[in-house]
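Student: I have a protein structure to study and I would like to learn how to read its features. Could you go through it with me?

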Amino acid sequence: MATYQQQLESIGFRFDTATYNGYNKINGICFTVNIDANNKDYIVSAACRPQQEEAVDSMRQAIAHFAGERTKIIKTAAFNGKEIMIIWHLGDLLPDITKCVRESVDFISYCISQFGCVSCCASCGRENYCDIYVIENHITALCQDCFVNTQNTMAGNMYREKQIKTNYPLGVLGAVLGGLAGAVIWILFSMMGKIAIVAGGLAGMGGYFGFKVLGKKMTFKGLVISLVVSLVFLVGGMYVAMGIDMFNAFKEYGVGFSEAFELIPYYLSDPDSTGEIIYNHIFGFLTFILGAVCCVAQYFQEKKVKNRMIKLM
Ligand SMILES: [Zn+2]
């Protein structure tokens, strides 16, 4: 099956690999396909508006009709005065996006000729010559003025961000709280005789987000710290759960709570229990790795698109 990029390119769209979004200029009108990965939505937009104000209502009716015929796959379709926007919601199916984009382009092209639309800026709405830009993770059509304004805003943001310093003590506290949440869930499930497979992932991601929220700003050092801290807490949680298990198994022989923990090294080094130990913990570690990989990917994706503003077309 063709990749998303190949699908978009097969219908004449260009592709921005950093954001996974597509764009094209058709008859002077800027078209964009922005992907909303969280909601699995594909947003096809065209920056244009009817030259005659009277045509707006009938164009809105035509858009509503177009969406009404495809209620299962179109979430919304609308015209906001400067952009026709069609949001395709294709769910978990690996969709053939070419069909959706092609249908969108055909329909919007129909609107353009039927309602006398002209190219306009997607930000200020003025009829103007526009270019396609990528602004962080979004592709949009802007006029020269709006481009300059956005650039200035971004420079201001970058300056302010540079002023923010990562608060490492609070960040570590956040990572501890996140890791602790995973550890506590592991222990509680273990006490009920169950394996909390998700606790590993929860510890990893909890540590990362805990650091990010309390530490104010995520850095590479913060990423490493948060993952190490949450792993330590996860392993600690597993150790405590094992001790509680030991206590419950041997309390009738008069073994006390702290003595039960002293038995753990013997249990761990006993070849007969190796299989059981691996089985009981491997899924917790696997979900931790999965969560950690997600955090690392998110960190680098955010870094990649942060304050990015490039003219594409
Ligand atoms: Zn503008």
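Tutor: We will go from the whole chain down to single residues. This is a predicted model, in which local features need pLDDT of at least 70 and side-chain atom pairs count only at pLDDT 80 or more, while totals for chains, interfaces and linings use all residues. Residues are numbered from 1 along each chain as its sequence is written.

Student: How many helices and strands are there in the protein chain?

Tutor: Helices (H or I, at least four residues) and strands (E, at least two) are DSSP runs, numbered from the N terminus. The protein chain has 10 helices and 10 strands.

Student: What is the radius of gyration of the protein chain?

Tutor: The radius of gyration is taken over C-alpha atoms, and the globule rule is 2.2 Å times the number of residues to the power 0.38. For a compact globule of 313 residues that would be near 20 Å, but the protein chain has 27 Å. Its C-alpha atoms fill a box of roughly 90 × 45 × 30 Å along the principal axes.

Student: Into which domains is the protein chain divided?

Tutor: Domain bounds come from an automatic or database domain assignment. Here they give domain 1 (4–161) and domain 2 (168–305). The centres of domain 1 and domain 2, taken over C-alpha atoms, are 44 Å apart.

Student: What percentage of the residues count as buried?

Tutor: A residue is buried if 20 or more other C-beta atoms lie within 10 Å of its own, exposed if 12 or fewer, and partly exposed in between, with C-beta atoms placed from the backbone. Of the 313 residues, 35% count as buried.

Student: Which residues have the most contacts inside the largest nonpolar core?

Tutor: A nonpolar core is a set of buried Ala, Val, Leu, Ile, Met, Phe, Trp, Tyr and Cys residues joined through C-beta atoms within 7 Å. The largest has 44 residues, and Ala47 and Cys121 have the most contacts inside it. Among the elements that each supply at least two residues of this core are β3 (29–36), β4 (41–50) and α3 (97–114). α3 gives the most, with 8 residues. Another core, of 28 residues, lies apart from it and includes Val176 and Met242.

Student: Why is β8 described as largely enclosed by the rest of the structure?

Tutor: 4 of the 5 residues of β8 are buried, so β8 is largely enclosed by the rest of the structure. Two strands pair if DSSP finds at least two bridges between them. β8 and β9 run antiparallel and are joined by 5 bridges, with Val134 bridged to Ile139 in β9. β8 also pairs with β10 (residues 309–311) in the antiparallel sense over 3 bridges, and there Ile135 has Met309 as its bridge partner.

Student: Is Glu136 exposed, partly exposed or buried, and where does it lie?

Tutor: Glu136 lies in the loop between β8 and β9. Glu136 is partly exposed, with 16 other C-beta atoms within 10 Å. Most residues other than glycine have a negative phi. Glu136 has a positive phi of about 50 degrees although it is not a glycine.

Student: Where is Asn27 placed?

Tutor: Asn27 is in the loop between β2 (21–26) and β3. Its phi is near 50 degrees, a positive value in a residue other than glycine. Asn27 is exposed, with 10 other C-beta atoms within 10 Å.
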